[in-house]
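Biologist: I have not looked at this one before. Can you walk me through it?
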Amino acid sequence: MAKEKEHINLAFIGHVDHGKSTLVGHLLLQAGVISEQQLAEGEDKFRYVMDRLAEERERGLTIDLAHTKFETKKYEFTIVDCPGHRDFVKNMITGASQADAAVLVVAADDGVMPQTKEHVFLARTLGIDQLVVAINKMDLVDYSEDRYEEVKNEVSELIKTVGYKPQEVPFVAVSAFVGDNITEKSDKTPWYKGPTLVEALDQLKPPEKPVDLPLRIPIQDVYSITGVGTVPVGRVETGVLKTGDNVIFEPPGVGGEVKSIEMHHERIEQAEPGDNIGFNVRGVGKNDIRRGDVAGHPDTPPTVAKQFTAQVVVLQHPGVITVGYTPVFHCHTAQVACTFTELVQKINPATGEVQEENPDYLKTGDAAVVKIQPTKPLVIEKIKDIPHMGRFAIRDMGQTVAAGMCIDLVPAK
């Protein structure tokens, strides 16, 4: 069997009307994943592909979304979230995947917009350390090199503030609608000497598989399958799971021996980080576990936090955040209401320097160290111990108000 290509999870981020869906649609078309026949007629033909996939997701086909995978010469990519009007942020954080890299789409005619900034901050807070910038809609600015340079400089300044190095980031001049510089060099941009989008993606580095960290499998769903029994489904974030291992699910504290592991409907003997699996555990019933629980080995069980200290960035909040605020925290696959019990210090988001001790409130744009108490048991890990399990988003009023990471915790038991 040929060695499988290495796999990279890719997020498409950027302002709402800057052409993410069109770019993804054209990329999938040129990569041969979808055919011309699958496209609708007219201007919005690519958007339709994404919306159809979104509908399929709604129907619960979450385990293996073949449609959103595409291959380049070097890698197999999974698009973490079908871009479009669905809330990218929520999906990215609660979705099974942490993206390994992101394509930031910025329209050449608009330049940097508020959502561009928000997504860049978020990508950074979520630990995405590789970025490709697609300067899109070059057709609307007559393929102007001057305009490309202007937008490139504007975006460079923005990404520098959160710690990306512009000199290491490719800025690809594309037209998603026309298809310029996606897989092939366009003759309309003779001045552009950089890589095509696909070449830029092939320059990314695959993530290291954290096989040496303790096993953590956040549960996405629990199924009952005739002849097999209860099958929890989730993505292995860290560690290795083998048939015959004993596992424990936290917070409920139930566990048993792993009888079988399946991936893409085939039985496998062991699962590694990045694998989306279903597995059957002897003695664990459908009502014992639920989405948001986390499986690990009994000698290094998942940590249930009584309270934790976090570093957060307030992305958008119509008012202010004070002690006692209790929004919903989305952490791996869990969604738990948590209370802000103490605002420890306000920090400069760009430099990390302390600006104020014990502030009275936090508002949009603030970064801070805070103490948090979950209203019910929640598995979370310190970012320095198991980074994949230490990040979260905070949602309220139908939007993501903040994002952050756990820097310390008091275990519940």
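Biologist: Let's begin with helix H1: which of its residues are buried?
Modeller: The buried residues of H1 are Lys-20, Ser-21, Thr-22, Leu-23, Val-24, Gly-25, His-26, Leu-27, Leu-28 and Leu-29. Buried means under 20% relative accessible area, exposed over 50%, and partly exposed in between, with a 1.4 Å probe and protein chains only. Helices are DSSP runs of H or I with at least four residues, strands are E runs of at least two, and both are numbered from the N terminus.
Biologist: Why is H1 largely enclosed by the rest of the structure?
Modeller: Because ten of its eleven residues are buried.
Biologist: What should I know about the model itself?
Modeller: It is a predicted model, where local features need pLDDT of at least 70 and side-chain atom pairs count only at pLDDT 80 or more, while totals for chains, interfaces and linings use all residues. Residues are numbered from 1 along each chain as its sequence is written, and side-chain values use heavy atoms, with hydrogens and water left out.
Biologist: Back to H1. Which strands does it lie across?
Modeller: H1 (residues 20–30) lies across S1 (6–14), S2, S3 (75–79), S4 (101–107) and S5, and runs at about 150° to S1. Axes are lines fitted to C-alpha atoms, for helices over the stretch in contact, and angles run from 0 to 180 degrees between N-to-C directions.
Biologist: What is the strand order in the open sheet of six strands?
Modeller: The order is S2-S3-S1-S4-S5-S6, and the pairing is mixed. Two strands pair if DSSP finds at least two bridges between them.
Biologist: Which strands stand at the edges?
Modeller: S2 (69–71) and S6 (171–173); each has a single partner strand, so one side of each is left without a neighbour in the sheet. On average, neighbouring strands of this sheet are turned by 30° against each other, direction ignored.
Biologist: In what sense do S5 and S6 pair?
Modeller: S5 (residues 131–136) pairs with S6 in the parallel sense, over three bridges. Ile-135 has Ala-173 in S6 as its bridge partner.
Biologist: And what does helix H5 touch?
Modeller: H5 (residues 145–161) packs on the sheet and touches S4, S5 and S6, with its direction at about 155° to that of S6. Touching, or contact, means heavy atoms within 4.5 Å.
Biologist: Changing topic: which residues touch the most other members of the largest nonpolar core?
Modeller: Leu-23 and Val-103, in a core of 54 residues. S4 supplies the largest share of this core, six residues. A nonpolar core is a set of buried Ala, Val, Leu, Ile, Met, Phe, Trp, Tyr and Cys residues joined through side-chain atoms within 4.5 Å.
Biologist: What does Leu-23 touch?
Modeller: Leaving out residues up to four places away in sequence, its contacts include Phe-12, Val-105, Ala-134 and Leu-197. There is also a second, separate core of 26 residues, with Ala-305 and Phe-340 among them.
Biologist: How about His-26, buried or exposed?
Modeller: His-26 counts as buried, at 8% relative accessibility. Its side chain reaches the backbone oxygen of Ala-176 at 2.6 Å.
Biologist: Where is Val-141?
Modeller: Val-141 is in the loop between S5 and H5. The C-alpha atoms of Val-141 and Asp-109 are separated by 6.3 Å, though the two are 32 residues apart along the chain.

Definitions and conventions. A polar contact is a pair of N or O atoms within 3.5 Å; within protein, one must be able to donate a hydrogen and the other to accept it, and residues adjacent in sequence count only if both atoms are side-chain atoms.
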